[in-house]
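Dear colleague,

I am passing on to you the structure that I have been looking through, and below it you will find my notes on what turned up. Please read them with the model open beside you.

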Amino acid sequence: MFWRDIISRTDKFIDGAKKGIPITFGYVPMGIGYAAIAIKAGMTPFETISMSFLVYAGAGQIIAASMVLSGATAMAIILTNFVVNLRYFVMSTCVLNKVEDSNTPLNILAAHVTVDESFAMFSLSDDSSIWTYLGIAITAWLSWCLGAGIGVVLLDMLPVIVTNSFNISLYALFVAILTPAVKESKQIALLVLITAVLNIVLSQFLGNWSLIVSTLVGAAIGMYIVDDEYLISGDA
C-alpha cells in the first residue's frame with residue numbers, strides 16, 4: 001500500500017510537470033530579462049539567482065530590480081512588491097481549498113511556488129491532487145530560475161546593445177497581462193489609463209512611492225467603475 005501511494009504520487013507529479021512545460025517557454029526568456037535588469041542594477045549573480053529561488057515573484061522581481069536600478073529605498077521596494085503580489089494570497093487560498101491529501105509542509109511549498117500561470121493551469125484542470133499542482137508549479141519555478149541562471153552567464157558574453165534590449169521585458173510582460181482584459185472591457189481600459197496618468201503625475205512629487213500610491217488609488221477607483229458581473233464571469 002505504501003509503495004502504491006508513492007508510485008501514484010510520482011505519476012501525478014510527472015503528469016503535472018508535463019502540463020507545466022508550456023510555461024517554461026515563456027519563463028526562461030523572462031528569467032533572462034530579469035537577470036539583465038538585476039545585473040545592471042548592481043546585484044551580484046548570486047543575489048540575482050537567489051532572489052528567483054527565494055522570492056519567485058515574476059513581475060515583482062523585475063519591478064524590484066528596476067527600482068534598485070532607479071535608487072529606490074528598501075521600504076519602497078518592499079511595499080511595492082507587497083501591493084503587486086497581494087493576488088498570491090487569493091491564488092494560494094484557492095489552490096489549497098481545491099487540493100486533496102495535503103499537509104502543512106506541502107501547503108507551504110505550494111504557496112511559495114504559486115504564480116499566475118500555474119494557478120490558471122491548475123484551476124482549469126479537473127485534477128485536485130496536490131502532487132499534480134506541485135508538478136506544474138515546480139516546473140515553472142525551476143524554469144524561471146534556469147532563465148535567471150542563463151542570464152547571469154550569457155549577459156557577460158553578449159554585446160551591450162543586446163543585454164540592454166532585455167530591459168524591455170518588463171514592459172512586454174505588463175502589455176501581455178493587460179491586453180486581454182483591456183480588449184474585453186472598456187472599464188478596465190479606462191482604469192489602466194487613470195492609474196498610468198496618476199503614476200506619471202504623482203512621480204513628480206512622490207518619486208518611487210508613486211507606484212504604490214497610484215496602484216492603491218487605482219484599485220479603489222476600480223471598485224466603483226468595474227462591473228461586478230465582469231469580475232464574477234472570470235474574464236478579469
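**What was found**

Thr80 is found in helix α4, where helices (H or I, at least four residues) and strands (E, at least two) are DSSP runs numbered from the N terminus. With a relative accessible area of 1%, Thr80 is buried, a word that here means under 20% relative accessible area, with exposed meaning over 50% and partly exposed in between (1.4 Å probe, protein chains only). The C-alpha atoms of Thr80 and Ser210 are separated by 9.6 Å, although the two residues lie 130 residues apart along the chain.

Before going further, please note that this is a predicted model, in which local features need pLDDT of at least 70 and side-chain atom pairs count only at pLDDT 80 or more, while totals for chains, interfaces and linings use all residues. Residues are numbered from 1 along each chain as its sequence is written, and side-chain values use heavy atoms, with hydrogens and water left out.

As for the chain as a whole, there are 13 helices and zero strands in it, and 40% of its 236 residues are buried.

Helix α2 covers residues 45-54, and its buried residues are Thr48, Ser50, Met51 and Ser52. Just after α2 comes Tyr56, which has its place in the loop between α2 and α3. Phi of Tyr56 is near 45°, a positive value in a residue other than glycine. Most residues other than glycine have a negative phi. Tyr56 counts as buried, because its relative accessibility is 2%.

The second largest pocket has a volume of about 440 Å³. Of the 20 residues that line this pocket, Val55, Ala57, Asn81, Asn85 and Tyr88 are the closest to its centre. A pocket is taken on a 1 Å grid over the protein atoms alone as an open set of points where a 1.4 Å probe fits, with protein on both sides within 12 Å along at least five of seven lines, and lining residues have an atom within 4 Å of a point; the volume is the space filled by probe spheres set on the points, which are joined across faces, edges and corners. At least two residues of the lining come from each of α3 (59-69), α4 (74-84), α5 (87-98) and α6 (104-112), and α4 gives the most, with five residues. The lining divides into 13 nonpolar, seven polar and no charged residues, where Ala, Val, Leu, Ile, Met, Phe, Trp, Tyr, Cys and Pro count as nonpolar, Asp, Glu, Lys and Arg as charged, and the others, Gly among them, as polar.

Val115 is found in the loop between α6 and α7 (116-123), and Val115 is buried, with a relative accessible area of 2%. Its C-alpha atom is separated by 8.7 Å from that of Ser92, 23 residues apart along the chain.

With best wishes
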